[in-house]
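Here's a friendly walk through a two-chain model. Take a look at the sequence and the structure, then read on.

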There are 2 protein chains.
Amino acid sequence: MIEPKKSYISNTKYFALTGLLSMSFVAKQKVVASEKTPNFIVIFADDMGYGDVGIYGHPTIKTPNLDRMAVEGQKWTSFYSAAPVSTPSRAGLLTGRLPIRSGMCSEKRRVLFPNSKGGLPQTELTIASALKTVGYATACVGKWHLGHLPGHRPNDHGFDYYYGIPYSNDMDKIDMDYQEALFNPKIEYFNVPLMRNTEIIERPAKQNTISQRYTEEAVKFITENKEKPFFLYLAHSMPHVPLFRSQEFENRSLAGIYGDVIEELDWSVGQVLDALKNNGLDDNTIVIFTSDNGPWLTFKQHGGSAGLLKGGKGGTWEGGMREPAIFWCPGKIKPMVVTDIGATLDLLPTFCKLANANLPSNKVYDGYDISPVLFGTGTSPRNVMLFYRDTEVFAVRKGGFKVHFVTQSEYGNESKKILEQPLLFNLNHDPAEKYDIAEKHPEIVAELKQILTYHNGTITSVENQLEK
Amino acid sequence: MIEPKKSYISNTKYFALTGLLSMSFVAKQKVVASEKTPNFIVIFADDMGYGDVGIYGHPTIKTPNLDRMAVEGQKWTSFYSAAPVSTPSRAGLLTGRLPIRSGMCSEKRRVLFPNSKGGLPQTELTIASALKTVGYATACVGKWHLGHLPGHRPNDHGFDYYYGIPYSNDMDKIDMDYQEALFNPKIEYFNVPLMRNTEIIERPAKQNTISQRYTEEAVKFITENKEKPFFLYLAHSMPHVPLFRSQEFENRSLAGIYGDVIEELDWSVGQVLDALKNNGLDDNTIVIFTSDNGPWLTFKQHGGSAGLLKGGKGGTWEGGMREPAIFWCPGKIKPMVVTDIGATLDLLPTFCKLANANLPSNKVYDGYDISPVLFGTGTSPRNVMLFYRDTEVFAVRKGGFKVHFVTQSEYGNESKKILEQPLLFNLNHDPAEKYDIAEKHPEIVAELKQILTYHNGTITSVENQLEK
């Protein structure tokens, strides 16, 4: 019963798969971009949980566009964000490297704040920068959260165009009661800027129309760039608290304000897919919908649901990092439910492979080219997932098995526990992490411990960007 | 935020909707059956949880047939069984009446056992009996659990044909350790009979091929009855413990033995739908897939998952009675996700309406004709659901609101609590029943209390069938 379906691979294979040996991958790539390389769109929600989409099990939030996207494309059920909080998660997605490698995580300040001085270093290569080398038009619309000062902004990292709120939408809060501000939000409580490229064009950002305006910007970018390959990173500010939605979506959902907000995001997805169809781009544009981390459970009914998964944003239980993840490209991506493991870390290597873009040979990559899964020609090369809480790996998954070496409540440091007896779960049988089987399988615990030790040895010290 | 979408209806309306006034419903029906009346198939799983189907959110159990059925048909997300345990749930489904009205529930013995003398009384009318009056061929394949002695059997209740295990598949256990028998089951541990009509044809039933043989019987019945209208009640014995599956499904699922069993049921659904298509019956056969109650959590990884819902089999939290429920009839049933409330109690009135079968005017019915929802012409007439634990209503739902008046652990009587302060949840916003809002809305608690009081007044004393 608790045997893995795939016998767990040898450590040698795992080590060979790590980015340390990515040079061989680079060598195989072609240098010249083809005109037929696909467009890429990443639609990234903020704090949306595994269970917040209809087709992932939510009973009352209606997401017909995401549901259809999943049926026409691939619904991944073991897809992870790179970290359980915003800044490191976004750094991981855009660089294909664990945030520990770029200095984009910290135990003291878990994300960047308006008074932060740091950000994604210039030494990092983003998806946008990589794709620009092969002629892609690039835009970032939405939340950035990788540094708002010069040198760290979207335009400094390969994006031709930026429009959005540069960090979380609850930042720059005016001096008032926190609970009141978050649970009964008004635009004027949050003095966050809306930027176009490097200029502030509105402050406070009128957040009630923010999902709508992001969508309009996205559709405009698609329409204006239909002749060349493009990469669009549409990183919604919602459903991060404070929750805002446009008038058309007020009280539209059965599921309250949180449902309204998700249903507006679902509408947004529909608009993007329609724009692709209307411009004849749908069969050559790979669209991915996912989220930066799990639901912010602290905010109760203003936070989302991880469905059957344990925990949420900030932690290393499945609910913190496993995300809805839908890949869509009719006629190219094979429609199916994918139970293989994937991660946002895999997007950069996958896109670069498909776009014939080179990756530098002097960097460690933590992502894999998952295009064989997308096209139905193979299984995922990712068999291991590391669960970082800030600067430390708390848990490791290999195949169906996950070991927790350290546990801690999602927020606050009060209950960090370095476990003398690590916990082992078979996620395939027990996705809710209910039944510890460590005692029965010490050999699996030992193997995953070895993977962790090896991994830790690949980490070199870099400047911490979040504590600057 | 916590206002209901529909303002909650007046008590007058609720009272008018109850079965007490069902005579008007009967009067509107035609007496003559049309040749074009649809066939009906109810596929009923045993102890399957809300979260055990892919399209209801399970990450590793693969259910392509049910998923497709849901996409082509209606996926209901607030559909309830009549009770949280087997016998009363099945009595409710087949009679359209709460089991308290037929004596088919008991606090002492929650279901029927091999040594029980009682069963569904002859005074009750089943779906099969009702449809027989208008010329339907009828078959029950699978678990009966409404009495195995003469007078109570399927053939005594309107079924032309019966094939199956007459009660739960863990009954007639030989004298051995319970845990061992259930977690490492062998056919010979459970001396349950397999019956054809009133004859025992195999004992112990070879349970490893039971799902497969039920499926073959179902397909045979469909094929043999394609010329006349028919009603097929395919009540699988699985995934009730002890778990058995055929050789083809051993270790097939990523999700362990429980996953194997569900994937065999999913295969079975595919076989039934294919048989309908192959016989040209798919556009005139309404197929419903649902389950008798929530997952039996006691059995851990041999039990299912209620997904995001709280609780499981035996209790009155949502996980005990909310079920996956898929309605399918291509071209007739409007494909959509339905968030309206429905219940297995509604099947009898709906089928009788569509088949032009009369209901007796001297009975109280607790079900509604939900065909307007199926055909996309209206909303569900059901706005209230009563959550019976055995002979007592523990909770009441009206619209989005549910009040718990009594709580108790799923099994055992040790923690029955009659709540001085009832708990109130907004299930639309909070399907996981996490956030009690009773203090803020005493008027809703009071209204639901009034519904309960009224309902209790409609109950008359009948002979208890489970304690005989």
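## Starting at one valine

Let's begin with B:Val396, which sits in strand S12 of chain B. Helices (H or I, at least four residues) and strands (E, at least two) are DSSP runs, numbered from the N terminus. Bear in mind that this is a predicted model: local features need pLDDT of at least 70, side-chain atom pairs count only at pLDDT 80 or more, and totals for chains, interfaces and linings use all residues. Residues are numbered from 1 along each chain as its sequence is written, while chains are lettered from A and ligands numbered from 1 in the order in which they are written.

Is B:Val396 buried or exposed? It has 24 C-beta neighbours inside 10 Å, so it counts as buried. (Buried means 20 or more other C-beta atoms within 10 Å of a residue's own, exposed means 12 or fewer, and partly exposed is in between; C-beta atoms are placed from the backbone.) Setting aside neighbours within four places in sequence, B:Val396 is in contact with residues including B:Leu386, B:Val403, B:Leu448 and B:Ile451. Contact here means C-beta atoms, placed from the backbone, within 7 Å. B:Lys449 is 53 residues away along the chain, yet its C-alpha atom and that of B:Val396 are separated by 8.1 Å.

## The strand and its partners

Five of the seven residues of S12(B), residues 392-398, are buried, so the strand is largely enclosed by the rest of the structure. On one hand, six bridges join S12(B) to strand S11 (residues 384-389) of chain B, and the two run antiparallel. Strands count as paired if DSSP finds at least two bridges between them. B:Arg389 stands opposite B:Glu392, and the hairpin of S11(B) and S12(B) has two residues between the strands, with B:Asp390 in the turn at a positive phi of about 60°.

On the other hand, four bridges join S12(B) to strand S13 (residues 401-407) of chain B, again antiparallel. Our valine, B:Val396, stands opposite B:Val403 there. S12(B) and S13(B) also form a hairpin with two residues between them, and B:Gly399 in that turn has a positive phi of about 55°.

## The sheet in chain A

Over in chain A, an open sheet of four strands goes S11-S12-S13-S14, with antiparallel pairing. Its edge strands are S11 (384-389) and S14 (417-426), each pairing on one side only. The twist averages 20° from one strand to the next.

Six bridges join S11(A) to S12(A), and A:Leu386 stands opposite A:Val396. Helix H12 (residues 442-457) of chain A lies across S11, S12, S13 and S14 of that chain, running at about 130° to S12(A). For such angles, axes are lines fitted to C-alpha atoms, for helices over the stretch in contact, and angles run from 0 to 180 degrees between N-to-C directions.

## How the two chains meet

How many residues does the contact take from each chain? It takes 30 residues from chain A and 30 residues from chain B. Strand S2 (74-80), helix H8 (256-278) and strand S10 (336-343) of chain A each give two or more residues to the side that touches chain B.

Chain A can be laid on chain B with an RMSD of 0.0 Å by a turn of 180° and a shift of 0.0 Å along the axis. The two copies are thus related as by a two-fold rotation axis. (Copies are superposed by least squares on the C-alpha atoms of residues with pLDDT of at least 70 in both.) And 100% of the interface residues of chain A are also interface residues in chain B, so the copies meet through the same surface.

Notes:
Contact = placed C-beta atoms within 7 Å.
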